[in-house]
Amino acid sequence: MIVSVLHQKGGTGKSTLAVSMAVFLASCGKTVALLDADPQGTATQWGRRYATEFHVDVKPQRMRSLVEAIKEIKNIYDHIIIDTPPSVNADTEPAIIAADVLLSPMKPSLSDMWALDRLAAMVLVAERKIKPPHILVLNMCMSPDERGKIADRLRGRPIRLSKVQIPLAPDWPEIFEGAALTEEIRNLLAELWAEISDAPAAD
Ligand SMILES: Nc1ncnc2c1ncn2[C@@H]1O[C@H](COP(=O)(O)OP(=O)(O)O)[C@@H](O)[C@H]1O
Ligand SMILES: [Mg+2]
């Protein structure tokens, strides 16, 4: 499975989710590549310190050659997770073209919701016949049910809202410091991964 983690804005939790999902899948005994297509290099920095310990292959990856790079390695790994820059434009289209599933973490805020529209439009015009399923997961939630108001606003968009809601919690930033996944984080990621693996293509 090839998953692109993307959102138009910075600070929505893309790198955190990409790293933690890669760690989770590797801990389930899968072979995992984490391709860091963000020149900021957050995932790469994590990888330099902790990739060996967590059995994840982390590679910096130019967005321009992403599609070719994936063709070369997709038979080697069970799963490939792609972390992307906080921008969605023509340059980032390879992350949409290469993926089986698009995963967007997002704070339950209106401004993040507006930014998502740009991404949804990019997905619609991306040069591929079958559009990848696009799953939105609410991140840094401060109350237990933020899904309701976002679900209403998503109506009519080709985006699925995950049942999983990620709370604002100090355990998540600690992942960048090499912390192992807590039981709670593992459970959330397991549930999210089940949705990702079950997602049928959007059209
Ligand atoms: N669920 C969460 N709870 C608390 N802090 C979080 C959570 N998810 C991410 N963060 C923190 O928010 C900041 C931005 O996250 P990051 O993954 O770097 O975002 P992006 O890659 O989208 O720019 C980081 O400091 C990260 O540790
Ligand atoms: Mg990032």
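Select helix α6, residues 147–154. It lies across β6 and β7. Its direction runs at about 155° to that of β7. Keep in mind that this is a predicted model.

**The sheet**

Now show the strands. Seven of them form an open sheet. Read across, the order is β3-β2-β4-β1-β5-β6-β7, and the pairing is parallel. Select β3 (57–60) and β7 (160–167) to see the edges. Each has a single partner strand, so one side of each is left without a neighbour in the sheet. From one strand to the next, the twist averages 20°.

**Strand β1 and its partners**

Go to β1, residues 2–5. Which strands does β1 pair with? One is β4, in the parallel sense, over four bridges. Another is β5 (residues 101–106), also in the parallel sense, over three bridges.

Step on to Ser4: its bridge partner in β5 is Leu102.

**Ser104**

Stay on β5 and select Ser104, which lies in this strand. Buried or exposed? Ser104 is buried, since 28 other C-beta atoms lie within 10 Å and the cut-off for burial is 20 or more.

Show its contacts, leaving out residues up to four places away in sequence. Ser104 touches Leu6, His7, Leu116, Leu119, His134 and Leu136. Then draw a distance from Ser104 to Leu17. The two are 87 residues apart in sequence, yet their C-alpha atoms are 9.3 Å apart in space.

**Val137**

Move to strand β6, residues 134–141, and pick Val137. Val137 counts as buried because it has 24 C-beta neighbours inside 10 Å.

Which residues is Val137 in contact with, leaving aside its neighbours within four places in sequence? They are Leu103, Pro105, Ser162, Val164, Ile166 and Leu192. Draw one more distance, from Val137 to Trp193. Along the chain they are 56 residues apart; their C-alpha atoms are separated by 11 Å.

**Helices α1 and α7**

Select helix α1 (residues 14–27) and helix α7 (residues 183–198). Their axes come within 10 Å and cross at roughly 90°. The two helices are therefore roughly perpendicular to each other.

Show side chains at the contact. From α1, select Ser20, Met21 and Phe24. From α7, select Ile185, Arg186, Leu189 and Trp193. Colour them by class: five are nonpolar, one is polar and one is charged.

**Helix α3**

Finish on α3, residues 66–73. Select Leu66, Ala69 and Ile70, which are buried. Look down the axis of α3. The buried residues fall within an arc of 100°, so they line one face of the helix.

What do the buried residues of α3 pack against? Show β1, β4 (79–83) and α4 (93–97): these are the elements they meet.

Now turn to the other side of α3. Here Glu68, Lys71 and Glu72 are exposed. Colour this set apart from Leu66, Ala69 and Ile70, the buried residues of the helix.

How values were computed: Residues are numbered from 1 along each chain as its sequence is written. Chains are lettered from A and ligands numbered from 1 in the order in which they are written. This is a predicted model: local features need pLDDT of at least 70, side-chain atom pairs count only at pLDDT 80 or more; totals for chains, interfaces and linings use all residues. A residue is buried if 20 or more other C-beta atoms lie within 10 Å of its own, exposed if 12 or fewer, and partly exposed in between; C-beta atoms are placed from the backbone. The arc is that of the directions from the helix axis to the C-beta atoms. Two residues are in contact if their C-beta atoms, placed from the backbone, lie within 7 Å. Axes are lines fitted to C-alpha atoms, for helices over the stretch in contact, and angles run from 0 to 180 degrees between N-to-C directions. Angles under 35 degrees count as roughly parallel, over 145 as roughly antiparallel, 65 to 115 as roughly perpendicular and the rest as oblique. Ala, Val, Leu, Ile, Met, Phe, Trp, Tyr, Cys and Pro count as nonpolar, Asp, Glu, Lys and Arg as charged, and the others, Gly among them, as polar. Two strands pair if DSSP finds at least two bridges between them.
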